[in-house]
Amino acid sequence: MENYEFDNQRSDEEVILVRRRHPWVLYKAGVITLIILVLIFIAFLIWGASLNSIIVLIAGLIFLILYLMGRFFVFNSDIYILTNQRIINIDQSGFFLRRVSEAELSNIQNVTYEIKGPIKSMLNFGEIIVQTAGNAPGLKLKNVENPHFVQEKIVALQKNLKSRDNQIIKIIR
């Protein structure tokens, strides 16, 4: 369905859905940007167009550009992939911290979603909890946009996989 390819994709694996965290997770970057811009403005009010205010302007802009590039990199690299065989959670927490976890659709026992708080309710994003069989910990997909839709997709794929397996078993018998 989605025209998306990723590392370690199986030859018979089809990508169904690709999601990133909801853009609201960038609100802290917006607040920090606003604070830095206000500090630069205050520097110009206090010192005018002096060397001090120019230094504050340059330092503030350099910091702001580097900070925003880092936040965008983390936001853009944090991905949830749903395929016809598994769910993959690529959790990018920093430049040098990436955690990749996955759950086979055939091992999924339960899929629930949770939307906590007024902001998440108004903007329709939340957490999806995928519980798997065995000792393996489940997956937590955080800040997923429209979690009800994603949960329904996972459950539908899981049911489709089970019905296909049942048909194969009937053919074998």
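Is Asn-146 buried, exposed or partly exposed, and what is its relative accessibility? Asn-146 is partly exposed, at 28% relative accessibility. The views below come from a predicted model, in which local features need pLDDT of at least 70, side-chain atom pairs count only at pLDDT 80 or more, and totals for chains, interfaces and linings use all residues. Residues are numbered from 1 along each chain as its sequence is written, and side-chain values use heavy atoms, without hydrogens and water.

**View 1. Asn-146 in a loop.** Asn-146 lies in the loop between β7 and α4 (147-172). Its phi is near 50 degrees, a positive value in a residue other than glycine. Buried means under 20% relative accessible area, exposed over 50%, and partly exposed in between (1.4 Å probe, protein chains only).

**View 2. Asn-143 in a strand.** Asn-143 sits in strand β7 (residues 139-145). Strands (E, at least two residues) and helices (H or I, at least four) are DSSP runs, numbered from the N terminus. Asn-143 is not a glycine, yet has a positive phi of about 55 degrees. Asn-143 counts as buried, at 13% relative accessibility.

**View 3. The Trp-24 and Tyr-27 rings.** The whole structure holds 4 aromatic pairs. In one of them, the ring centres of Trp-24 and Tyr-27 are 5.1 Å apart and the planes meet at 15 degrees, so the pair is stacked. Rings of Phe, Tyr and Trp (its six-membered ring) pair with centres within 6.5 Å; planes under 30 degrees apart are stacked, over 60 edge-to-face, the rest tilted. Trp-24 is partly exposed at 34%. Tyr-27 is partly exposed at 40%.

**View 4. A phenylalanine cluster.** Phe-95 and Phe-96 form a tilted pair, 6.3 Å centre to centre with 50 degrees between the planes. Both are exposed. Ring pairs link Phe-73, Phe-95 and Phe-96 into a cluster.
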